[in-house]
Each structure stands twice: as structure tokens, then as C-alpha cells.
Amino acid sequence: MAEASRWHRGGASKHKLHYRKEVEITTTLQELLLYFIFLINLCILTFGMVNPHMYYLNKVMSSLFLDTSVPGEERTNFKSIRSITDFWKFMEGPLLEGLYWDSWYNNQQLYNLKNSSRIYYENILLGVPRVRQLKVRNNTCKVYSSFQSLMSECYGKYTSANEDLSNFGLQINTEWRYSTSNTNSPWHWGFLGVYRNGGYIFTLSKSKSETKNKFIDLRLNSWITRGTRVIFIDFSLYNANVNLFCIIRLVAEFPATGGILTSWQFYSVKLLRYVSYYDYFIASCEITFCIFLFVFTTQEVKKIKEFKSAYFKSIWNWLELLLLLLCFVAVSFNTYCNVQIFLLLGQLLKSTEQYSDFYFLACWHIYYNNIIAITIFFAWIKIFKFISFNKTMSQLSSTLSRCIKDIVGFAIMFFIIFFAYAQLGFLVFGSQVDDFSTFQNSIFAQFRIVLGDFNFAGIQQTNPILGPIYFITFIFFVFFVLLNMFLAIINDTYSEVKADYSIGRRPDFELGKMIKQSYKNVLEKFRLKKAQKHEDKKTKGSGDLAEQARREGFDENEIQKAEQMKKWKERLEKKYYSTEIQDDYQPVTQEEFRELFLYAVELEKELHYINLKLNQVMRKVSAL
């Protein structure tokens, strides 16, 4: 009775374990299917935001305003500006010609120009362009006493504390008077500093000739001074053919060292979101995205309540929370952008004689685009949560988890050497080579050296002795030694994991394998009657063999021993050599070991008996 009770308990526990696995399979498949629908919806939503015409519009506008040369000076364009003289030549030449398109190429007037210029005949200039200057005060730096007789003025680099807020020059119009900012646009991050809004501002006219006279007047009255640190040229375009706004900012920074550094921003954005039927389809995808977000949030809240602190021990749960956080941020940014567009777009388009500040809307649209890009990145990474149930992916995750301590120790050693070389490169080559001009540039330059992108000629020319020594030793220690150590750590750990898997130490739950097993179980249900008939035939066949043995004169004990051996053999083969579960790792219990031992003893007896029979036969053969 006790033995039967233990057997029943074991059978019940196995049944519960099998049922639990089936439930886990069903739950995982449902989550995987639901998540794939969410991912497809997210991809449609994100790719619906991007338009190939954005690139072409940016390319056309950058070619017009950056690459167009000053008449008579083919090498002078916005990118190559290095002096104040070059800057005024650009303002009075390529900038004017790019902003004001008065007629068709054959001088035929095809449309009414009273509203605005049409750049390349397709892009409407919204409002009028704006030029803005920021300056610093005199005596924002200190001249050394020995040089005070030669230079009494000193204009430091731009900071909000050094900014000049006083009027200057003619002091009659806004371009000579400091104006505070009345917009919420973010500050501009340039090469040499972070620049605030406001400054000395003037807007251009609708007339090309008036604007040119304005530039000449500013140049003759020295609008640009020694205290000038940056000039912004802002304007916006709209192309109705592709429903895109292009917000353009040209920046000229005047460093304290002299000269000019130019930069630019071209933002092609779709501010009018819902125009075509496809746009409304994207809107439906956005609504679906919000529904998915609500469902996933509810699921995670239930898991946190159920597992409490144990929930936060899984890296996949942290990834889930990060993904949900990014989704909420994306929804918030999208809502804010749409509200601001609704409130500001009508006001910006109302007056065509003033500057239309679309830069604020463009920046928030870019922020939203960046957030949704990061969101979809982590959404794809989350797929590894489901693929990790696969044998290969499980090996990968086990390898990374096992070698993480070795990698951390290696990373400390690697970055000590790496930063030492970065500081050496910055101090030795920083004043001559652009790649090492700052400590940050030195770090990225060394990563490029590892990838094979380097300027050895510049390094060698700067320092013929330390240059080659720096380069050769960096390549030797970082590329040949440290990187190969990193690969060796990964390779050795992977070999250990693969060896463990080969002897059966693997996860009990492999999604692909369980799906295959479930599929076979379904097939078995349809073939159940066929399998029963096969068992009946086997039983009948075994009975026929026993009768045949009795007719041939075998002893009854021998027949019973043979039948017992056959049953043992079939049971053990079914348990340990089944093709359906040959990959499972099943530890041997004490009872199973006892059965195996008895089976081996019986085999030894049978072999001994067969050996005696063979000896008798051999003796009879030799006697003949």
C-alpha cells in the first residue's frame, strides 16, 4: 500500500509538472503573439513618421545655402567662411540669391509674389528671415600687465555671465539694441559654447533690394564688432507638394582667437500630421499603440503585486519597465507637440511680415523622433526574451552571465590603458591634430584607430618621435593584446557552456522544443487507436514466442527469466533511449539505479550461461 501510495504521488507530481509546462507554453505563445502585433504596429507608426522626401529637401536646401559660391570667388561659400569680409560677401551674395526668387528661369512671373518668395519655385518662404547676434562685454578677461600698453581691451569667450546687454553703434533700431527672448526655443549648443535666446535682432525685408541695402548699411556701420561671438540666420520653408516644413539655421561663431567657425541645422519635419488617408491610418495606429500601452502596464502592475521584490531580480522585467517608461515619454512628447502645433501654427502663419519661429516646434518634433527611435530599438531587443528559450540563445545568455565578472575586471584594465593613451594623445597632438583637439575627441579617435580609421601622417608630422611610438605601442597593447584577451574570455566561457549543454545541463524549458512536443502530442491523439492496435499485436507476439519456447523444451524458469529481462530492457530503453526526449537531462534516482544494477547482474548471469553453453559446444566439436 505504501509503495502504491508513493507511486500515485509521483505520478500526480509528474502530471502537475507536465500541466504547468503546458500552461507556461500557452502563456508564452500568447505573449509572443501579442507582442509581435504590438511591434508591427509600432513599426508602422514610426516609419509612417519618416518620409524619404525629408532627406532630399534637406539635401537641396543645404546645397543651395552651403555650397553656392560667392560670385567671382569659387572657393568662398558658407562652409569656407573664415573672416568677417567673407561673411559679408556671403550675406550680400549667395544668401540673398537663395532667399529671393523673383521669377521663373525665363523671367516670366508665374505667381503672385506679394505673399512670399518661392525657393526653387516649390518651397514657400514663411514670414521673413531673421538675423540675430550675441556679444560679450569688454574686460571679460584680463590682459597681462606687460602687454597692457599694447592692448587695453579684452573680450573673453561667450558665457551667459559675459554677455553684453547694452546698446551699441547707432542705437536707433532693434539691430543696435538688445532684445530679450519672447520664445520658448531651446538654447543653441555650438562648437564654442551654449548660446541663449535674445540678442541684437533684425528681420529681412520682402524686397531683395531693401535687404541688400540693409546689409550694406550694417557692414559700413560695423555691426559686427570685436565682441561679437555668434550670428544666427533663421528662416523656415514649406513645401506643399510633400507636406513638409524645412526649418533652417545657419550659425557663424566668432571665437576669441579670431576667425569664424560655421555650422548649420536643416530640420525637415511634418508638422501637419493628419492630411491624407494614410495619415489617418497612422492615427489609428497611434490609438492602437496607446491601447497596447495600457494593457502592458496593467500586466506589469499585476506581476509586481504578485511577485513583489522578486519581480525586480529579472533583467527582462527591468527592460519591460524601461520600455514602458519610454512609451509613456513618447506619448507625452507627441501630445505636447500636437497641442503646440495646434496653438502656434495659426499665429505663425497669420503675419507674413514678421519672422515665424518654427524652430521651437521643429526641436520638439526632433525630440519626439529621437524618443520613438530609442523606444523601437529596445522594443526589438525585448524579442530576445522569447528567443532566449531557444537552445542557442540560451547558450549565448549563459555565456554572457558567466563571464560578466571576468569582463568587468578586463574592462577596468582596458580603460586604464585606453584613457592613459587618450590623455597622452591629447597633450602631445592636441594643438596640431583635429582628432586630438579635445580629450573627448582623443577618446573617439582611438576607437577609430582600433577600427582602422586613423591619420598617421598628421600624428607623425606633429611629433616625429612620440608620434610613431604612441601609434605602434597603442596598436600592440590595445589591438593585439587586450582585444584578443577579451575574445579569449568569451571563447573560453562559451566552450564551458557548450560542454555543459552537451552533457545535459540545459534549461528545462525550451520554447521550440515544447512547441514541437505539443505538436506531437496532438498527432498522438489522432493516432491513439492505431497505437493501441500496435500494442495488442506486440502482446500477442510475445505470447506466441513463449509458447514456441515451451514446445521446444525450454525450462519454465528460463522462460520467465527471459520475459523479465525483455520487460526490463523495453522499459529502460523507453526511458533512456527514446528519440523524442533524448536531449533531456534526467538524473538517475536510487530506485532506478537499483533496477539498472539488477539488470546488469541478470545480464552477467546470462552471459555466464551462454559462455558455458559455448564451451560445451566447443568441446563436442573438438571431440569430433
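This is a predicted model: local features need pLDDT of at least 70, side-chain atom pairs count only at pLDDT 80 or more; totals for chains, interfaces and linings use all residues.
The helices first. Two packed helices are described by the angle between their axes and the distance between the axes. Here the pair is α10, residues 404-429, and α11, residues 439-450. Their axes come within 9 Å of each other and cross at roughly 120 degrees. That angle makes α10 oblique to α11. The crossing of α10 past α11 is right-handed.

Which residues make the contact? On α10 they are Phe418, Phe419, Tyr421, Ala422, Gln423, Gly425 and Phe426. On α11 they are Phe439, Ser442, Ile443, Gln446 and Phe447. By type, the residues of this contact are 8 nonpolar and 4 polar, with no charged residue.

Now the cysteines. The count comes to 1 disulfide. It joins Cys141 to Cys154, with an S to S distance of 1.6 Å. The torsion about the S-S bond is -115 degrees, and the link of Cys141 and Cys154 is left-handed. Cys141 and Cys154 both lie in the loop between β2, residues 123-135, and β3, residues 188-189, so the bond ties together parts 13 residues apart in sequence.

Are the cysteines of that pair buried or exposed? Cys141 has a relative accessible area of 29%, so Cys141 is partly exposed. Cys154, at 12% relative accessibility, counts as buried.

Definitions and conventions
Residues are numbered from 1 along each chain as its sequence is written. Side-chain values use heavy atoms; hydrogens and water are left out. Axes are lines fitted to C-alpha atoms, for helices over the stretch in contact, and angles run from 0 to 180 degrees between N-to-C directions. Helices (H or I, at least four residues) and strands (E, at least two) are DSSP runs, numbered from the N terminus. Angles under 35 degrees count as roughly parallel, over 145 as roughly antiparallel, 65 to 115 as roughly perpendicular and the rest as oblique. A crossing is left-handed if the near helix is turned anticlockwise from the far one by less than a right angle, and right-handed if clockwise. Contact means heavy atoms within 4.5 Å. Ala, Val, Leu, Ile, Met, Phe, Trp, Tyr, Cys and Pro count as nonpolar, Asp, Glu, Lys and Arg as charged, and the others, Gly among them, as polar. A disulfide is a pair of cysteine sulfur atoms within 2.5 Å. Buried means under 20% relative accessible area, exposed over 50%, partly exposed in between (1.4 Å probe, protein chains only).
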